Amino acid sequence: MLDYDHEMNFLRRRGYQAELYVEKVDSLQISKDVETTASQSSRTEGYGLRVIKDGRVGYASSCTFEKALIERAIGACRTAQKDKNNALPSSGRGARGSSRNLGFGIRDCADRTKAFFEQLVEPLNVNLNSAFVAALNAEISIISTEGVDAKERSSAFSAAIDANYKKGGTLTPPISEYCASTKIPKNPDRIRNSLEEKIDAVKRQIALPRRFDEVVFTPKAVAATISGLVASSFSGENLFRGITPMKERLDLRNSISLIDDPFVKDSIFSRNFDGEGMPKRKIPLVLGGKVNGFLYNTYWARKASVVGTSSAGRRYLSTPHISTSNLVILAKEEKNVAEDSLVVDELLGAHTSDLTTGRFSLTTSAAWINGRGGRAGVKGVVLTGSINDFLSGIESMSRNKITDYGVVTGDLKVKGLSIT
Amino acid sequence: MDRIFNSLGGLGADFASIRHEKTTALTIKMLDGILKVDVNDNTRGYMLKVLVEGSYRYRSVVRAPGLEDLRLARAFGIRGGSDSAPETRPVKGAVSVGLGGGIEKGAEEKMLDVKDLRKRIMGHVKKIKTLTITYGETIFHKEYSDSRGSHIVQDFPRSALVVSAVAKEGNVIATAVEHCATNRGYIFDVADQEAILQRIKRKIGSQLHGRSPKSKEYEVVLGPSATGIFCHEAFGHLAEGDLAQEGFLLGMKGKKIADSLVSIADYPVMPDKLAAGFAMYDDEGVKGRAVDILERGVVKEFMTNRHFAGKFGTAPTGNARAEDFRAPDIVRMRNTYIKRGKMSKEELISSVKDGYLILSPNGGHTTSEGTFQFGIGEGYRIERGELKEGLRLGVGMSGHTLKTLAMIDGVSKDFGVRSAFCGKNGQAVPVSFGGPYIRIRSLKVGGHA
C-alpha cells in the first residue's frame, strides 16, 4: 500500500492539485424474507483520486491505493476539457483532524445486532414479509495537496420490517417501517407497534368517501415525496443551469422554514465535513416562507461566483456532486394534525417525479381516513402537484418528530394538491 | 479457494461458494458543453457464501478470502434456517462476449463520439435549454466456484448511453430522457442515433404543447417501452419467487388471469442487440433458462433461485442475481417481455374512441399486493382513433395488476425493447423489458382533479 502523504507530495511536485478520498467500511447485516434468513459481514475499502492541472480534472477509483490508480487519474486528466472552475477547495477553510460520530463499534455489536433482529421478527398480528437489520462503521478520510486532512469515523444502525395482512380473500398493501440512528436502539418496539397500528388502519378498505382538500403526510411519506425533489430543486448547479422550479427569494406564501442541518443528533445523515473535506454548517433553504439559499460544492460555487456551502456529497466511485444532509422542517405545530383527515403513509412513484419542474403524480399504497368512526383504509388515491405546491401548502405539523429518514418532521397537513 | 472448500466440514458448514468479480467502469459526461470523466473505476472483490445450520452466511472482502474469512462468515448468523446443500452436479462453463472495436477505443475517442452526438442533437432539436449526455461502460469478469466443484467464468461488456434534454417555451418546461444499452459492443455502433434524435424531438414537442388530463379511467394503448415497464413493474416483480410467495400470484398458478392473447416470459439473454440484461449463468452458478410466467393468459411458472425452485418443485431458472460482489444474491428479473400478437399498432390506435397512447414511461413501482404506478414521459390523447395533443409532465398511470391484465384485449405484432436498471432491496441490476403495443380497456391516467 502506498503512503498517502508521499504520493500527494509526488503529485504536487508534478504541478497537480490532488485529493484522495478514502472510504473504509465494516458492516454486519441480517435479512429475512418470507422463507429464508441470511446474514452478511463485510469489510470493504475504496479509494478515489482527483487530480487537477491547468483547469483539467482527472478521476480514478479502485479498491486499493496503488500506482495504477494514480496513472489512470493522470491519464484521464490529460484527455479532459479545460474548465477554469475545476479547482480543489482552498486550504484555509479545510477540515483538519479527526472527528467521531460513533455510537457503537462494529467489533462489539454482533450479539446486540442479532438480539435486535430476533426481537424484530418475533410473531406479530400481521403477515411478516421481510425484515433486515444492518450495522456499520465507516471511516472517511480526505487528504489533499491544498491542506485538507480530515478523518471521520461514524456508525449507522438501521432496521426495517415489511408486513401486510393476508387472510382469506383479503390482502392489504404491504407497509414498511424503518428506523435509523448512530446508536443501537434498546429494542424494535417503536417500529413494530407502528407497523401493527398502520396495518390495522388499512385492513378495511373503502373508496374515497368525499372530496378532500387537504392531506396529512406521515414523516415517512414526507421523506418519500420531497427528499429527492428538495435535493434537486435547491441544488446550486440546477439553479445555475435554469432547471429548477425554485428561484432566489421566491415567496412560498406561508411561514415555514426548511433547513439543511448536518448536526442533527443521532442521525445517520449528520456529518462534520463534506465530501471535499470542508467543515459542514447549517444552510437555511427556506426561511419564513421565502426561498433563502441553495446548496453548492466547490465547482458550482466557483461557476456561479458564490460562496460555497460545503454541500459536496460523494462515494469513492465518483467525483463530488451536490447533496443535502438532514432536512429540518419548521412549521406551525398542532397537537392533532390528523383528526378527521386523509392520512398518507406510503406512496408509489416518488422516483418518477420530474426533477426539473418539481412535478409529481403519486399513487397511495397505504392511506387511511381518520374519521369519527375510526380509521378506514383507502386505495389508489392519486396525489398530483409539485414541490412548490407541497411547500406552499404546508399548513401545520404535529409535535412528535421523526429523524430516521433524513427529513426531520412530524405529520404534515398539506393543502393545495390535486387529490383524486 | 480449495483451502476454504476443504475446510468446510471442520467448521460445521455444509456448502460454500465464492464469487470473484473484476470490473472496469468508465463514465463520460457532457454537461452543457463541458466534458469530463465522472467514473473511472477498477475494482475487484470476493463474496464468500457459506451454508451453516440451514441458513446462508455471506462475507465480502476486497482481497482473496482466507480461512479467517470463512470463520468470520460462519460466526455471524442466525440459526434455524431450512436451506440444504444443492444436490447438483458440478457445472463447468465459460462465456465470453467480445468487446468489439468501439469499446476498445481510448477515452479521448469516446469523448469525441459524445461531442458529435451533442452537436447533432442541438442542431436538430430547437428550444433545448440544457443537454446532458452520459456514456457509461462496464467490463465484467465474473467467476463462480463452489464446494461441489463448479467453476464458471463469464466475460461481457455493458455499454450504455443516457441523453437528458430540458426544453423551455415561455413558462412551459419539457424533459426528454433517452436510455439505451447493449451487451453486444459499443453503444454508439449499435444504437440508431437518428432514432434517438427523433424521439427526443417528439417528446419535447408533445410536452411543450400538451395538456394535463382530468384524472380518471381511460382506454389506453401502451407502446413497447410502456408495455415493457408494465410487464416488468406491474407483473414481473410479482412473479419473482420471494414476492410470488409474499403476494398473491403463487396461489394463482394454473389459473387464467388474462386473455389468451397475453403471454409473458423472462429470458437469460435476448437476441435483440438493445436488450442488455445479460445473465447466461446466475450468481448461484445456475445456467439460465427461459421462464414462461404467463402462457396464453394462464399463470405457469415463476422466476426462482435454488431455494424457491426447491420450494416450488421446479428446476431452478437462473434468476439469482447480485448487484456486485458486495451484495448477496436475490431473485431478480433479466429480460422480461410480453410476446408479440397479430394486430398492427394502427389497428389498435384507430379502435380507441376516447383515450391515450402512452409511448414512453418514466419509471414505475408496484407493491406485492399488486398496486402499481408509472410516470409518463410521452403520451398522446386519442380521439375517435386519431392522435391529438400530447401529455404534459407530471402525469402518471396507476392500477392493479390483476384487473389491468384482464383488461388487455389487443396485442400487436410490432415489437420493441428497452434496457435500464431495476432496483430491489437496495440493489440495482441491469435488465431489459419490452413487448408489443397493447390495448387496455380501462386504466387510470392521473392528472388534475
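Visitor: How do strand E3 of chain A and E2(B) run, and how many bridges join them?
Guide: E3 (residues 56–62) of chain A and E2(B) run parallel, joined by two bridges. Strands pair if DSSP finds at least two bridges between them, and a strand is a DSSP run of E of at least two residues, numbered from the N terminus. A:Ser62 stands opposite B:Asn42 in E2(B).

Visitor: What sort of model is this?
Guide: This is a predicted model, in which local features need pLDDT of at least 70 and side-chain atom pairs count only at pLDDT 80 or more, while totals for chains, interfaces and linings use all residues. Residues are numbered from 1 along each chain as its sequence is written, chains are lettered from A and ligands numbered from 1 in the order in which they are written, and side-chain values use heavy atoms, with hydrogens and water left out.

Visitor: How many residues of chain B are in contact with chain A?
Guide: In chain B, 72 residues are in contact with 75 residues of chain A, contact meaning heavy atoms within 4.5 Å.

Visitor: And salt bridges across the interface, how many?
Guide: The rule finds three between chain B and chain A, each a side-chain nitrogen of Lys or Arg within 4 Å of a carboxyl oxygen of Asp or Glu. A:Glu35 forms a salt bridge with B:Lys311, with the closest N and O atoms 3.0 Å apart. On the side of chain B that touches chain A, strand E2 (residues 34–52) of chain B gives the largest share, twelve residues.

Visitor: Changing topic, which strand does E19 of chain B join?
Guide: Strand E19 (residues 408–424) of chain B runs antiparallel to strand E20 (residues 427–446) of chain B, with 13 bridges between them. B:Val411 stands opposite B:Ile438 in E20(B).

Methods. Helices (H or I, at least four residues) and strands (E, at least two) are DSSP runs, numbered from the N terminus.
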